[in-house]
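Colleague: I'm new to this one. Can you walk me through it?

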Amino acid sequence: MTEANNIHAVTEGPEGDDAKCSFHHRMFLEPQEEKRSMKALLVKKAKKTCSCTPAKIKDCVLGFFPILQWLPKYKIREYLLGDVMSGVIVGVLLVPQSIAYSLLAGLEPIYGLYTSFFSCIIYCIFGTSRHISVSIFGVVCLMVGQVVDREVERAGYKLEPAVLSALPGPGGHGMGTGIGNGTGNGTAPEPLCDKSCYAMAVAATLTFISGVYQVAMGFFQVGFVSVYLSDSLLSGFVTGASITVLTSQVKYLLGLDIPRSGGVGSLITTWINIFRNIHRTNVCDLITSFLCFLVLIPAKELNERFKSKLKAPIPVELFVVVAATLASHFGKLRETYGSSISGHIPTGFLPPRPPDWSLLPSVALDAIPVAIIGFAITVSLSEMFAKKHGYSVRANQEMYAIGFCNIIPSFFHCFTTSAALAKTLVKESTGCRTQMSGMVTSLVILLVLLVIAPLFYSLQKCVLAVITIVNLRGALRKFRDLPKMWHLSRVDTVIWGVTMAATALISTEIGLLVGVCFSMLCVIFRTQRPEAPLLGWVAESETYESLSAYKNLQTKPGVVVFRFEAPLYYINKECFKSSLYKQTGVNPVWVKAAKKKAEKKMLREKEAGAEDNQSSIPVDFGSDPVGFHTIVIDCCAVQFLDTAGIRTLKEVCKDYGDINVHVLLAQCNPSVRSSLLRGELFKDGEDHLLFHSVHQAVDFALGTQGHRAAKN
């Protein structure tokens, strides 16, 4: 005989009452035994965690430096060709993007190359994903640029194209040769630090504190924070930020010399400034931008369409940069037409320099959303590609890796990095096998830093803006997917739209906060008014399903089965009661009130001597006034109860008990059982019972009612 049959047997008939109570008593003792075993398990785990052995130290070191695990096992013949090919191709693509995204961050081109170089090396040492490409990411660059512009303006510098005196000239590595033009609210932190130098100090400090936050999240194992950033929220945020990025690059396409707008409503302010100065458009920059779009967009589309046939994507961006640089140099576009160019890009590396600690209070709050977005995108991409290729990654180690990719480079004139989807897809499609591919990419960038960088002196900024905008195509294409998204989930589509609009129209930081709050409110609203159907019996089985969702279901006479598909807590307790009353068609409070009113009326008529009218008054009003004698509440979807939920169940049981309707609970999980025990819901024992399945509860209700009928 099965366990279910045993339970059913001991709970049938009058002689089974004692056995039934004993069974439930034993069942409610289980949580206490579980607590004792859990306590012993926690003590044992704490002792094991606090112990220190050579084997444990070795595991700790190997876990913290994954390169020590995979490098000794590296299969040169099997892995090297794919890693070298993917590393070279990503490096070639990364060079023009690094220069372009530096403008987005409000910094000089050389700093983007530094950032890409160091991030590739450091992630190779600390990262667990074999495929993701950690380097500059457009959305993060935008967030860094907004903080840089704000602090530069606060220090008294004008928001105009930065001079290059902070960079080393052809003959040296000086950090600046003149005093900045700060005359406003503050001054630059050092007498010999001009605007470009100060902007880099702000970016480096922001990068350092962002990395500290990410490492702290890894240390305290709070990777679960990323679960609050749903796919629709992240997609909406990236799309909204991409619109802001596109807007910030339009002035370079037109050759306009207007300051970058920051803060709330910067998108609208930027477009207003663009239209106010549209008559100053540089025709040379406009034509160059148009020609670059004509080349880049079709070439990118061809790369995507034939990526399965191409062994490697065509590095069209590099070709455009080379051609545009040659045309600008030999055509003397700057001297003849006043085109804005990149300027001198030095070779080699600048001396290490610590972040400006005096700026920490100013950027500490700004670093929080930068850190969260950076680690959320990195962790999600690493898990996605690990699942695709059949290996595992450690989320907390990924946070360590991206944190150190920000902390260490912040001492070498770098800004914040993150994983980037576009470059990761290229890396995967070109044969990447291990993290060694990132090391090859850093060697390509090193070659540019040591030899080639000065050759980009005449490169027009409008070309870099075109490269930035073309790489936003993936995020902007999300608008095309809206009908499909709406068909799949309207709630997710609304979350996407709200996050996108807030990010684009207000600011990136506020947009992220609005998206998180709105998505949480959507979850709360969905649990506030959940589905609450009546259930019917599937013939020749022990299964009960929704009467509104399935046909040909049967109901048991005198028994109503009700399911509440959400946790029962303070927010939805009234919804639970109203749904139960509506589905059963009986509000016990109203029934009790009607019964009392009828009893008072009968008493008044008796007192008035109206004995002839007594036949019209029900003599036994409470015998069966509602058409059923038992309600079975299916609690399989109730994950937890709070005090308000327990109190609501007590009220429901008491109110229905007052009109001779019994309430039974079925399929409660251990957490709910423990809450019910602590809330003393079962102190009456015989009236309110708990069952493992709905079928057992219904059989018990029918058996109990039959026994009572036999007695009567």
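Colleague: Which hand is the crossing where H15 passes H17?

Modeller: Right-handed. A crossing is left-handed if the near helix is turned anticlockwise from the far one by less than a right angle, and right-handed if clockwise. Helices (H or I, at least four residues) and strands (E, at least two) are DSSP runs, numbered from the N terminus.

Colleague: What am I looking at, and how are residues numbered?

Modeller: This is a predicted model, where local features need pLDDT of at least 70, side-chain atom pairs count only at pLDDT 80 or more, and totals for chains, interfaces and linings use all residues. Residues are numbered from 1 along each chain as its sequence is written, and side-chain values use heavy atoms, with hydrogens and water left out.

Colleague: At what angle do H15 and H17 cross?

Modeller: Roughly 20°, and the axes come within 12 Å. Axes are lines fitted to C-alpha atoms, for helices over the stretch in contact, and angles run from 0 to 180 degrees between N-to-C directions.

Colleague: What follows H15?

Modeller: Gly-390, with a positive phi near 80°.

Colleague: New topic. How do H9 and H23 pack?

Modeller: H9 covers residues 231-254 and H23 covers residues 508-528. Their angle is about 155°, with the axes 10 Å apart. H9 and H23 are therefore roughly antiparallel to each other. H9 passes H23 in a right-handed crossing.

Colleague: Which residues of H9 are in that contact?

Modeller: Leu-233, Phe-237 and Ala-241. In H23 they meet Thr-508, Leu-512, Gly-515, Val-516 and Ser-519.

Colleague: And the sheet, what is its strand order?

Modeller: S4-S3-S5-S6-S7-S8, six strands in an open sheet with mixed pairing. Two strands pair if DSSP finds at least two bridges between them. S4 (544-546) and S8 (690-691) are the edge strands, each pairing on one side only.

Colleague: In what sense do S3 and S5 pair?

Modeller: Antiparallel, over two bridges. Leu-534 has Phe-562 in S5 as its bridge partner.

Colleague: Where does H26 lie?

Modeller: H26 (residues 643-657) lies across S6 (630-634) and S7 (662-666). H26 runs at about 145° to S7.

Conventions
Angles under 35 degrees count as roughly parallel, over 145 as roughly antiparallel, 65 to 115 as roughly perpendicular and the rest as oblique. Contact means heavy atoms within 4.5 Å.
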